[in-house]
Amino acid sequence: TPIKSSAASDVYKRQCMLTPFTLHGQVDAERLQELDKLMYNGKYFESKELYKNLSDTTTIPSDLDLFCKFRMAQFLNKTDSAAYYLEKYIPYYYEDFGDEALILYSHLFDAYIELGDRDKALCTYQQMKRIWNESLSNIHTGDKKDEDWRTATEKFLSYAESAVNLPPIKMKRSNTSSFIDINIKGYDKPVFQAKYNGISQTTIFDTGMQPYCLLSDRLAEEMGIRYDSIERSKEVMNETLACARSIIDSIDVGNITFYNIPALIYKESESIPFATESLIKKRKRRKKARAVIDSARAWFSECVFLGLPIMRLIGKIQTDYEHNRMCFPVSDLKAPISKEANLYVYKNDLYMRIKLNGIDFTANLDTGSDTYITVDSVFYEKHKEEMPIGFTNKKNTFGVAMLHQARAVPYKSLKDPVVIFDNKLMQPPTIEAVKTYPLGHFVPGVFFDGVIGHGFYRSIGKEVLLDLDNMRLEAVQ
């Protein structure tokens, strides 16, 4: 379920470039620029390989190396390290680029908020405010680029002013390790019971969701969660669905209690509009499609969705599909990391890479989707010689339902796809498990080559460990 919030912390669209390479007279300036481009565009695996190659063959200037380490720490969910490298790097950047350093300060501010360091967040906000006020004389009215810059900056500063005054997010983990019972029958995804301000409610973890917590207005009212008017709210999800913000005082998930968790609340009646209903000509088929969408809308509205930010706070989530239970192992910070990361974070989304018919395939990992692997048509067209088609469905009988829209989609499925993950040959569960269609028509945000859903996630093993402390996805047994 790709849920992309219009968070003000992601408003800066300008590329935050490294200090101009020509100033350093580097022989490898072009490769350094290529590294910057790869990091900016979220290409972690390619960035890591090129960064290692450059480190082995040339001397990277100290300021550029700090920037590279900041980006790598961001990819690997090491927020404390990302903040450390930014603190060291920003003075270099500000000296050359002035108010454009606000982009870096916005990253630093978000890191402090995530780390719960309100004092440093407040200092960063005040510094941004000072830089912005000093640079206003350079903003030209009527210049679209400058006007966009002003709008983005003022929107972020407004968000930051609000964020430093919110109660800090906290997490308390009891010493006793406990299992949560999960239910998969009828859901296709593991759901469990969590308590919100003491009230038990069906819940799902969703790596495809950027907010901490998402629920329908009906559910919020039943649970006594207060929120502002959705109609007056300026918060928009997936570019179309209006939401209101709220704070949930406490959430109990197994042996973990969260405090002061931000939540988005959407209007159930406006969710999952059927965008392609007119394409279904037969009345019976259209009626059946509407019934499916109504069922999906009811399912969405009955669940609370906990997104990637809260999962990152937990760290490790281990799902036992054989015994229908889940637990949250504690990371041993002193233990050596024996395996390389096979996951990474980019713009608040989670990505992984597999090999599909021998080709590197980087995709958004979305445990809220019940699909196996969806290949974007752009990737398929680029590699179609290596990806024979086994089945083509030209009719609008396959539906994709997300909160902001539902669509009937014609698709193709790959013939006998060879899927390798973590050096292991995977077995697709059905002959149509690997589909291809134009994801960009309805999936918001960045997905690179496609989407990997819960169908793939649960096929990894009887017990699956999502380790966001070390950015690994693997079978426990």
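Predicted model: local features only at pLDDT ≥ 70, side-chain atom pairs only at ≥ 80, totals over all residues.
Close-up 1. Helix H6 (residues 118-135) packs against H7 at an angle of about 150 degrees, and the two axes are 10 Å apart. H6 and H7 are therefore roughly antiparallel to each other, and their crossing is left-handed. H6 also packs against H5, here at an angle of about 160 degrees with the axes 8 Å apart. That angle makes H5 roughly antiparallel to H6. The crossing of H5 and H6 is left-handed.

**Close-up 2. The aromatic pair Phe 109 and Phe 156.** The count of aromatic pairs in the model comes to 21. In the pair formed by Phe 109 and Phe 156, the ring centres are 5.8 Å apart and the planes make an angle of 80 degrees, an edge-to-face arrangement. Phe 109 belongs to helix H5 (residues 102-115) and Phe 156 to helix H7 (residues 144-163), so that the pair links distant parts of the chain, 47 residues apart. Phe 109 has a relative accessible area of 0% and is buried. Phe 156 is buried as well, with a relative accessible area of 0%.

**Close-up 3. The aromatic pair Tyr 346 and Phe 448 and the cluster around it.** Tyr 346 and Phe 448 form a tilted pair, 6.0 Å centre to centre, with 35 degrees between the planes. Tyr 346 lies in strand E12 (residues 343-346), while Phe 448 lies in the loop between strand E22 (434-437) and strand E23 (450-453), so the pair ties together parts that are 102 residues apart in sequence. Both Tyr 346 and Phe 448 are buried. These two residues are members of one aromatic cluster, which also includes Tyr 44, Phe 45, Phe 75, Tyr 344 and Tyr 351.

Close-up 4. Strand E2 pairs with strand E11 (residues 325-327) in the antiparallel sense over 2 bridges. Asp 181 stands opposite Arg 325 in E11.

**Close-up 5. The charged end of Lys 435 over the ring of Tyr 411.** The charged end of Lys 435 is 5.2 Å from the centre of the Tyr 411 ring. Lys 435 is placed over the ring of Tyr 411 by its charged end.

**Close-up 6. Positive phi at Asn 260 and Asn 357.** Asn 260 has a phi near 60 degrees, a positive value in a residue other than glycine. Asn 260 is located in strand E8 (residues 256-266). With a relative accessible area of 18%, Asn 260 is buried. At Asn 357, phi is near 55 degrees, again a positive value in a residue other than glycine. Asn 357 is located in the loop between strand E13 (349-356) and strand E14 (359-366). Asn 357 counts as buried because its relative accessibility is 19% and the cut-off for buried is under 20%.

Note on methods
Residues numbered from 1 in each chain as written. Heavy atoms only, no water. Phe/Tyr/Trp six-rings, centres within 6.5 Å; stacked < 30°, edge-to-face > 60°. Helix = DSSP H or I, 4+ residues; strand = E, 2+ residues; numbered from the N terminus. Buried < 20%, exposed > 50% of the residue type's maximum accessible area, 1.4 Å probe, protein only. Lys NZ or Arg CZ within 6 Å of the ring centre and 35° of its normal. Pairing = 2+ DSSP bridges. Axes fitted to C-alpha atoms, helices over the stretch in contact; angles between N-to-C directions. Parallel < 35°, antiparallel > 145°, perpendicular 65-115°, else oblique. Left-handed = near helix turned anticlockwise from the far one by under 90°.
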